[in-house]
Amino acid sequence: MTCENPYTGVPVRSLQTMLRELSFHYPVIPRLIPDGIFGEHTLEAVMLFQREFHPPVTGQVDHGTWDAVSALFQSVRPGLSPPLPCRFWPGNGFAVAPGEDSVHLYPVQAMFRGLSQLLEGIEDAPVSGTHDAATQANLRYVQRSAQLPETGLADQATWNALARLYVLFVTFAQSPRLLREGWLDVP
């Protein structure tokens, strides 16, 4: 005969999911793996949540505790979700040649400005929307780094390589989580 835990199922998994998401914002709450079973780890997370946010510490999830977990989860949820992606480059086959003006060069040039602070070889130039000499030189740098033909043309392959560089050196490197956890040393 086995003794089954009566506290299992979707409500427990929902509680665990909310507590897990809160643990990314409040490290005092242990990181749970939602499995739908109210076991030792879930009990510990509930008790620590109650100690920090909703006393008294009982380990029981009554309506008050559930509402407190839910309310805190709802308040931090926008900060837990990644930003929506935005597609800047129109698509394969679209290109901007040297000397041309295009609204699609604004994000390219803005990304170069950010990268110029971190990578030698990227020139800090104005964001003008014009495919000028500085933009062409920066595009050639990206193309060389990605082992693409060095055309100086703003095309999708170059955009993809630039986007990867930007994510790696600007977006990823500036992550508050990485800074907080000591992964990166920023002066």
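Read along the sequence, the chain runs α-α-α-α-α-α-α. That is, the chain holds seven helices and zero strands, where helices (H or I, at least four residues) and strands (E, at least two) are DSSP runs numbered from the N terminus.

A word on conventions. This is a predicted model, in which local features need pLDDT of at least 70 and side-chain atom pairs count only at pLDDT 80 or more, while totals for chains, interfaces and linings use all residues. Residues are numbered from 1 along each chain as its sequence is written, and side-chain values use heavy atoms, with hydrogens and water left out.

Let me turn to the chain as a whole. Of its 187 residues, 32% count as buried; buried means under 20% relative accessible area, exposed over 50%, and partly exposed in between, with a 1.4 Å probe and protein chains only.

Now the backbone. Where does P56 lie? P56 is in the loop between α2 (40-53) and α3 (63-80), and a cis peptide bond, with omega of about 5 degrees, joins P55 and P56.

The second detail is Q147, in the loop between α5 (133-145) and α6 (156-171). Although Q147 is not a glycine, its phi is positive, at about 55 degrees. Is Q147 buried or exposed? Q147 counts as exposed because its relative accessibility is 75%.
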